[in-house]
Amino acid sequence: MYTLSSDFDIATFLNEYWQKKPLVIRQGLTAFSDPIDENDLAGLAQEDDVDSRIVSVHDDEQWHVYHGPFDDYNTVCQGKWTLLVQGVDRYSDDINGLMEAFNFIPYWRMDDVMISYAVKGAGVGPHTDQYDVFLIQGKGKRAWQVGAPGNYTPRYPHKDLQQIAGFAPQIDVVLEPGDILYIPPGWPHDGQALEDCLTYSVGFRAPDQHQILQHVTDELTAAHCQPVRYSDPNLTQPRHPGMISPTEVSTLREMIIDLISSPDSDHALMSLLSMQHLPESDTPVPVTTDEVRTLLENGGEIIRLLGCKPVFNENQNSTNFTFYVNGEAFHTPKVLEQVMWEILRGAPIDEAWLGNSEEQESLLSILALLINKGYWEMIS
Ligand code: SIN
Ligand code: CO
């Protein structure tokens, strides 16, 4: 279980730093011990469904990028190399817990935890990222420089490695285990391992307009929502056949606005914000509500799948409580809303949750559905 230092004030951080300027948080995670080591990381990077790469630079300044899964590390771990593994929060309880320490930022903004292992002298070079990141120093020491946002020209010392030529550092620090460096999008940075070291990057995401519109359109099409077509029963002859009037332009623009203001678009938006690229369920035989009840009555628990970050709209005007997981909508009776808040937060569910409530059947049926979808798991 990881908790941020009591000296770290969330409200101050959000007001003064989040998306505004970088911050070094000394001992942000107190008594930090690494939940993973480089051997575990190398083992993960051998798995087919794990996204990993090795970035190295040799004495002749040649950069190399190799993509996992890796069978043999000997040929790729040459020079000053870094192994970087994405999405480790989906594979480790502890790493998922590390990400949860940052849940003062909402789930829908969270992306994943990337872990890097860099040998002494290694780093991926100066670069900017499009997203916010908390860089947590694990074992070893690492020097970090951070510059101001600007118009930096990208360079590609390897086709898969984007860097920038350099920047004037505003922050120049050495991080030790448990220290945290927060970097907002667009602030150039460069980390160099002073010793063999581990870095945990808790990364965030933010959709751009194209992604939002694309997703809304895809969802509306998939749901067979009937689009409204432009019509002009009051057409008057234009002064030139090529001419489009301001009224026509504004009517067309209104069509877009109407579409994105519809309840169907709200649903599409929620589905986008809940997307986590979780694996498809492989539950061979669906569980029944009776089986869920029996499990709980016999001391079993139901727990949230690692990496699962459910979301819901604060504004709920129906008789149901609706939440979204991995792009899908789920509904429960409104009376279960408070219970669902705790379940969605990831609280393990045991027999005590059944209570005597009349809502027990609804609770069991949503739990069975979530288990059958693969988003919650039964532990006996
Ligand atoms: C790293 O862990 O080596 C790179 C992290 C970053 O710069 O975003
Ligand atoms: Co970066």
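The legends below describe close-up views of a predicted model.

Local features are given at pLDDT of at least 70 and side-chain atom pairs only at pLDDT 80 or more, while totals for chains, interfaces and linings use all residues; side-chain values use heavy atoms, leaving out hydrogens and water. Residues are numbered from 1 along each chain as its sequence is written, and chains are lettered from A and ligands numbered from 1 in the order in which they are written.

View 1. His127, in the loop between strand E5 (110-118) and strand E6 (133-137), and His189, in strand E12 (residues 189-193), are 62 residues apart and link distant parts of the chain. Helices (H or I, at least four residues) and strands (E, at least two) are DSSP runs, numbered from the N terminus. His127 is buried at 14% relative accessible area, and His189 is buried at 3%. Buried means under 20% relative accessible area, exposed over 50%, and partly exposed in between (1.4 Å probe, protein chains only).

**View 2. Surroundings of ligand 1.** Residues with a heavy atom within 4 Å count as near a molecule; those surrounding ligand 1 include Leu84, Met114, Leu135, Trp144 and Thr199. Strands E5, E7 (142-147) and E13 (197-204) each supply at least two residues of this shell.

**View 3. Polar side-chain atoms beside ligand 1.** An oxygen atom of ligand 1 lies 2.7 Å from a polar side-chain atom of Ser116. For Arg142 the corresponding distance is 3.1 Å, and an N or O atom in the side chain of His189 is 3.2 Å from an oxygen atom of the ligand. The protein buries 94% of the 260 Å² that ligand 1 exposes when taken alone; these accessible areas come from the Shrake-Rupley method with a 1.4 Å probe.

**View 4. Backbone at Pro69 and Glu61.** Gly68 and Pro69 are joined by a cis peptide bond with omega about 0°. Pro69 belongs to the loop between strand E3 (63-67) and strand E4 (80-85). Glu61, in the loop between strand E2 (52-57) and E3, has a positive phi near 70° although it is not glycine. Glu61 is exposed, at 59% relative accessible area.

**View 5. Backbone at His277.** His277 is a residue other than glycine with a positive phi of about 50°. His277 lies in the loop between helix H6 (263-273) and helix H7 (289-297), and is exposed at 65% relative accessibility.

Terms used
Polar contact = N/O pair within 3.5 Å; in protein donor to acceptor, adjacent residues only side chain to side chain.
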